[in-house]
Amino acid sequence: MKKIAIVLALCVGAWYFFVGGRKLDEAMVRKYYENEAHAVYMRDAEKLCKQLSRKAVIQSRTVMMGQAQTSTHDRDQACEATRKTFGMFASMGERMGGILTIEYDYQIERIEIASDRRSAVVEGTSVLKMGEAAMQFKSSFTQRLERELGQMRLVHGDDVTVVRLGGRGAMSQSDFFK
């Protein structure tokens, strides 16, 4: 009887932690984006991948040199794209004669937490600058985050990114942020 009570208590504890436990709040959402920024600075693609749900769907529109490209990625495709991007950063840094500096900033404009407090829709912007003015990515995003196995994870994302290349004819800082 004692063993049954212990097993039952462990099952209830596991259910509470993974399914019914702590509801999400604004602080958890903000912590998700802090962790994301840290992973970008560290160029840690695996850490970014861990923030994606297994059922993630990310729809992206990228505009570069007047050409728009639309894509939809699942978790595995998004992780592979992130690995390739960080590999490109490393390659560019080597070609530029050293380590390529990265600056990353984001702004959360709106957080809407669902009534059951299991998901949140977040709208915001982010700017990633590489090598000061070598390349800049300015994105606006709408993302849905959910609690999954005790973690905050991205389930759905829609983003639009404008890529600016530095060098000859590069835009000024004020032009970029218009």
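This is a predicted model: local features need pLDDT of at least 70, side-chain atom pairs count only at pLDDT 80 or more; totals for chains, interfaces and linings use all residues.
Is Ser119 buried or exposed? Ser119 is buried, with a relative accessible area of 16%.

1. **Overall layout.** The protein has five helices and six strands. Going along the sequence, these follow the pattern α-α-α-β-β-α-β-β-β-β-α. Of its 178 residues, 34% count as buried. The accessible surface comes to about 11200 Å², and 55% of that belongs to carbon and sulfur atoms. If you look at contacts between residues at least 6 apart in sequence, 58% of them join residues at least 24 apart.

2. **Back to Ser119.** You will find Ser119 in strand β4. Why does Ser119 count as buried? Its relative accessible area is 16%, and the cut-off for buried is under 20%. Leaving aside neighbours within four places in sequence, Ser119 is in contact with Leu24, Glu112, Ile113, Ala114, Arg144, Leu145 and Glu146.

3. **The β3 and β4 hairpin.** Strand β3 (residues 102-113) and β4 run antiparallel and are joined by 11 bridges. To get your bearings on screen, find Tyr106, which stands opposite Ser126 in β4. Five residues lie between the two strands of this hairpin, and Arg117 in the turn has a positive phi of about 55°.

4. The side chains of Arg110 and Glu123 meet in a salt bridge, at 2.8 Å from N to O. Arg110 lies in strand β3 and Glu123 in strand β4, so the pair ties together parts that are 13 residues apart in sequence. Both ends are partly exposed: Arg110 at 31% relative accessibility and Glu123 with a relative accessible area of 28%.

5. **The largest core.** The largest nonpolar core has 18 residues, and those with the most contacts inside it are Val29, Tyr33, Leu52, Val122, Leu145 and Met152. At least two residues each come from α2 (26-42), β1 (52-64), α4 (75-95), β4 (119-130), β5 (135-148) and β6 (151-165). Helix α2 gives the most, with four residues. A second, separate core of 16 residues includes Ala37, Ala45, Phe89 and Met92.

6. **Val122 up close.** Which residues is Val122 in contact with, leaving aside its neighbours within four places in sequence? They are Val29, Tyr33, Ile108, Arg110, Ile111, Phe141, Thr142, Gln143 and Leu145. Among them is Arg110, whose side chain meets Glu123 in the salt bridge of point 4.

7. **Other charged pairs.** A search of the whole structure finds nine salt bridges. In one of them, the side chains of Arg30 and Glu26 meet at 3.0 Å, N to O. These two are four residues apart in helix α2, so about one helical turn separates them. Arg30 is partly exposed at 34%, and Glu26 is partly exposed at 40%. Arg153 forms a salt bridge with Glu148, with the closest N and O atoms 3.5 Å apart. Here both partners are buried: Arg153 has a relative accessible area of 14%, and Glu148 is at 19%. Glu46, Glu80 and Arg83 are linked in a network of salt bridges.

8. **A nonpolar patch on the surface.** Met64, Met65 and Leu165 form this patch, with about 290 Å² of accessible area together. Met65 sits in the loop between β1 and β2 (67-74). At 65% relative accessibility, Met65 counts as exposed, since the cut-off for exposed is over 50%.

Key:
Residues are numbered from 1 along each chain as its sequence is written. Side-chain values use heavy atoms; hydrogens and water are left out. A nonpolar core is a set of buried Ala, Val, Leu, Ile, Met, Phe, Trp, Tyr and Cys residues joined through side-chain atoms within 4.5 Å. Buried means under 20% relative accessible area, exposed over 50%, partly exposed in between (1.4 Å probe, protein chains only). Contact means heavy atoms within 4.5 Å. Patches are made of residues with over 30% relative accessible area and no salt bridge: like charges are joined within 9 Å, nonpolar side chains (Val, Leu, Ile, Met, Phe, Trp, Tyr) within 5 Å. Accessible areas come from the Shrake-Rupley method with a 1.4 Å probe; for residues, only the protein chains shown count as cover. A salt bridge is a side-chain nitrogen of Lys or Arg within 4 Å of a carboxyl oxygen of Asp or Glu. Two strands pair if DSSP finds at least two bridges between them.
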